[in-house]
Amino acid sequence: MTSYRWCGLLLGGLLMAAQLVGADQPKLPRVEFTDQKLENGLRVFIAVDRTAPLFGISVTYNVGSRNERPGRTGFAHLFEHMMFEGSENVGKGEHFILIFNNGGNMNGTTNEDRTNYFEALPKNQLDLGLFLESDRMRALAVNQSNLDNQRNAVQEERRLGVDNQPYGKAFLDIDNLAYDNFAYKHSTIGEMADLNAASVDDVKEFFRIYYAPNNAVLTLVGDLDPAQTLEKVKKYFGSIPSQPAPPPVNMTEPSHYGERREIIYDPLARTPLVIMAYHIPPGNTPDNEALHVLASVLSQGESSRLYLRLVKEKQFATQVFAQADERRGPSILYVYAFLRPGVKPEDCEKAIRDEIAAVQKDGITTEEVEKARVQFLREQIQTRQSDLYTAMRIGQYAVYFGDPDLINTVVDKFNAVTADQVKEAAQKYLVREQLSLVTDLPAAPQGKAATAQKEGK
Amino acid sequence: MTAKCRSSISFLAALAAAMAVAMPAFPQEQHAAELSKVVRLNRAPVSNETLQVTLPRPVVTKLPNGLSVLVLERHKLPTVDFVLWIGTGDMSDPKDMPGLASFTAGMLREGTTHRTSAQLAADVDKIGATLNASSDFGSTNSAVMASGLAPSAGQILDLIGDVVLNPTFPSDELEKYKRRQLSQLEQDRSQPYVLAQERFRQALYQDFPAAVTLPTPESIKATTPERLKEFHHHYYVPGNAILGVVGDVKPDEIMGLIRKSFADWKGQPAPKPDWSHLPPAAPAKICLVDRPDSVQTNIVAGDYGARRTDPDYIALYVMNRVLGGGPQARLFLNLREVHGYTYGAYSRVGDDKYREAWAANTEVRNAVTDGSMEQLMAEFKRIRNEKVPETELNEARHSIVANFALSLEQPQGLLFRWMLVQDYGLPMDYWDRYPVEVAHTTPDAVQAAARKYVDLDHLQIVCVGDPKQPATIRSSPSVTC
C-alpha cells in the first residue's frame, strides 16, 4: 500500500503543521479476502475476522431503480420486499423469524444502482444464512395476496419517509429536476400509481431477468473457515442456473445548458430548505474523489467553511451539508441547508455560492486537505468495526466498479487528491450550467400535498 | 398544532364506542378478500446450540476526586471512543426552564478558558475526531461523547477535559446558540413523531419531569450564561460522573492521560434525586393531536414500564420481545405482514432510573386508523389473556441470549452496557447472570408482566393526524383527552 501523504509534503508550503498532524496516524488495516466465481457465475468473496464469534453475509444484486421502466417506478424496491415473502422452502415472514430468533439482524435495501440483502448471525448459523439467501435466489414464491400486502407496506414506507415528511417532496424532486435520463431522474421509492400497477407477472419477470447468480455477488466476512465456507456456498448456490445477462442500461446524461430551479410550497414544513445539486463525474474517478474532498472541506465538522459561514457567522442556517455521491453513472454533489425562519433563501444561496467561488478562486489550504484526510481515515477505520458492513461494501464495490479491493484502496485514492485538484474540479463542475436548485418553503395547510413551481433557464 | 382535550370516561367504553359506530363519517378501507398469511415451513437448517458468550470486563477505577473510570480494551482497530456521563440530565431541569441540561451540554463546545468556539472546532477536526455533548429530555444523565484515532487519545482527552472543566458559556455564542435552538424547535415540531411523543409523555407522566420532551421558545429565550454556569457548577462534578473508554488503548497509559485531564476536577458531590415516586397512573384515554395535511396517523400507546433494577424487568423485556420487539414479533407480523396497514409496528421497553415507558408505536395511512387500533388492542389483550406458547417463548428467550454474540462487535455498545452497570450500581456479574435469567423466564412470569405493564385500564393512546382524517375514533363522542 502506497502512502501518498508524503508526496504532498514535498510540495512545500506549510509542511511542518501537516507533518506533525499526520506523523503518527495509523493505517487502514487491510482486509484480505478470497475472490472466486462459481460455474453459474456467482462471484464469492470470503474474508476472515475472528475478533468476535459472528459473521456477516451480503448478497448484492446488480439491479436498482435505474433498471426500471416508465410506468413501473419503485418496482426494484417493491421487488426487494417480495424477497421476504417466501420462497420454495421458506414461508412468508419466516425469514424475519429465523434470523431474529437465532440472535441475528437482517435487512435489505434498494438504491439507484444496486439491491442488497444482508444478515449478521452468530457463527454457528452459517448454514442458516446460506440456506435463506440461496432459497430465494433459486425459487422465489409469489402470489397476489402477498404482493398486495407488500404493495401496502411499501406505500406506507413512502408515506412515512416522503409524503408525511416536511421536505419529502423536495428531496425527491431535486434528482427529478437535475437529471434528464430516466434512469436517475425518477425516484427509487416510486410513484403511488406505478406501485399500484405492478403485477405478479412483473415480479416473476423481474426475478427471471435480474435475480440470477451471474448477476449477483455474495460476500461473507467474519469468524469463518474459508475453505469450509466455500464448500457450503457451492452446496447451497452451485446448482442455481445462470440466466442470460440482463439488458444494459443507457446511463448517458445529455449535456446541460443553464441552471434549473423549482420552488415547493410545503404545508408540512415550518422552516425553509434550500437544496443545490451539481452534476459531477461518476464515483471511483479522480474528479469525483477531488469533489469528495471538497465536500468534506465545505461541511464536515464545525471548522468547515459552510458551517462557519452559514451557521456561525451569517446565522442563515441551523445545519448545512455538502455531499458528493459516488454513483455508478453521472453523479451529483449536493449542498443543502436548513434555514432559520425568516431567512431569505436567496441570501443563503448566495452565501453558498460565495464559498464555492472562493474555492474556485483561491483553492483550499494544505491544512484543509490534511484535515479531510484524517477525518476520512477515522471514518473508514470505524466502519470496519462491523463485519456485516464490510461485507456489504466489498459487494457494492464489486457490483459498482468491478473492484472489490476498493475496500482497501479508497483511503489511498482519497489521500492522492491534492489541493490543486480540488480547485480545478470546483472550477470545472460547480458551475451554473450544471446546477439544479430546489427551494422548499413553508405553506399554509391546504388540504393537499406539497405543490411545485418550476422555472427552466 | 392543537391537542383536543375533553373530559375523560373509561377507555374501554371509549374504544367500544369507537369501534361500534355503524356508519362512519368517512369510508374506512375494507379488508382485502384474502389476507396475506405468515407461514412457518420449518425446513431451514438451524443450529440449536446457543453460543455461550462472556462479555469482556472493563478495568474500573475511582480517582481520588470521585470520578469513576471504566477502561475496556478492544484492539481490533486503531480507534478509541470516550463517553462521559454526568448523572444529571433534563429530568432535573427547573420547571421554568425546560432544556437547561441540554443547553448546558450544547454550549460546552462554544468556548472555554483555553479555547474559543472556533479553536475548539479546529482542534477537534484537525485530528479527525468527533466531540459532542447533549442531554435528552426524559434522561437522568447528560453525556459527552468523543471518537477518534487511537494515537489521538491524549489530544481527545485534553479536549474533553477542557470543555467539561473550563466552559465559559460566552454570551455572544449563547445568543447564536439560542437562535439555532429556536429554529431547531420549529423544525422538530414539524415531525409527527415529535408531536406524538410530546402528547404521549404528557398524558403518561402528568406532572412528573419525564412528561417534558421539548424546550419552549420562552425557556430558550430566557437562558443566560449565569443559569448555565450555575447548572454546570452544581452538576458537572467528578463525584457525579462516569468516564468510559473503549478501544485500542492500554489501561495504564490511558489512565495516566485521564489523570492528566481530570485529576484537577473538583466540586461538591451533586444531590442524587429520588425518582421512585411517580404520579398514580392516569385512567386510560385517547388523545388526538391535529397535524393538518398528514397522510398517516402516528399512533403511540403505552403505560409506565419498569426500572432495570425492578425484579420483573427481565420478564417485561421478554414479554415485549414477543409482543413488539422486532420484525419477528406479533405487532409487526400482524399489522404489516398480515394486514398491510403500516411499514412497521413495534413496542419498546425504556430504561432509566425511573419507570420509563413501555410503549407501542406504528404509522398507518389515514383510512386504516381504526383497523390498526383494533389490531393493536387485540394483540394487547391476547398477550394479557393467553399464556405465550412454549415454542414462541423459547424463541424469544433464545433470540435475546443468542444476540449477545453480535454485541461483542460494537465497542461503544459494550462500553454502554458496563456504564449502565456502574450507573445503576448493579453487580459486576450482571451481564453473566442476565442471559441465565432470560433463559429461565417462565410463561407465568411473562403473562404476569403483560397483565401488569400492558395495563389497559391506564393505557395512554395518542394519535397524530389530519383533523379531517376518515377515522371513526375521531368522530366518536367518547374520544377523551
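**Close-up views of a two-chain predicted model**

**View 1. The largest nonpolar core.** The largest nonpolar core has 202 residues, and those with the most contacts inside it are A:I275, A:M276, A:L294 and B:I160. A nonpolar core is a set of buried Ala, Val, Leu, Ile, Met, Phe, Trp, Tyr and Cys residues joined through C-beta atoms within 7 Å. A residue is buried if 20 or more other C-beta atoms lie within 10 Å of its own, exposed if 12 or fewer, and partly exposed in between, with C-beta atoms placed from the backbone. Leaving aside neighbours within four places in sequence, B:I160 is in contact with B:F82, B:L84, B:L131, B:V144, B:A146 and B:S261; contact requires C-beta atoms, placed from the backbone, within 7 Å. A second, separate core of 60 residues includes B:M91, B:F200, B:V318 and B:L459.

The model is predicted: local features need pLDDT of at least 70, side-chain atom pairs count only at pLDDT 80 or more, and totals for chains, interfaces and linings use all residues. Residues are numbered from 1 along each chain as its sequence is written, while chains are lettered from A and ligands numbered from 1 in the order in which they are written.

**View 2. Strand β9 of chain B.** Nine of the nine residues of β9(B) (296-304) are buried. Strands (E, at least two residues) and helices (H or I, at least four) are DSSP runs, numbered from the N terminus. β9(B) pairs antiparallel with β11(B) (357-365) over nine bridges and antiparallel with β12(B) (460-465) over five bridges; pairing requires at least two DSSP bridges between two strands. B:I299 stands opposite B:T362 in β11(B) and opposite B:C463 in β12(B).

**View 3. The open sheet of chain A.** Six strands of chain A form an open sheet of mixed pairing, in the order β1-β2-β6-β3-β5-β4. Its edge strands, β1 (33-37) and β4 (105-110), each pair on one side only. The twist averages 10° from one strand to the next. β1(A) and β2(A) (43-48) run antiparallel, joined by five bridges, and A:K37 has A:R43 as its bridge partner in β2(A). Helix α11(A) (226-237) packs on the sheet, touching β1, β2 and β6 (216-222) of chain A, and its direction makes about 150° with that of β2(A). Axes are lines fitted to C-alpha atoms, for helices over the stretch in contact, and angles run from 0 to 180 degrees between N-to-C directions.

**View 4. Where chain A touches chain B.** Here 73 residues of chain A are in contact with 71 residues of chain B. The largest share of the chain A side, 11 residues, comes from α6(A).

Methods:
Contact = placed C-beta atoms within 7 Å.
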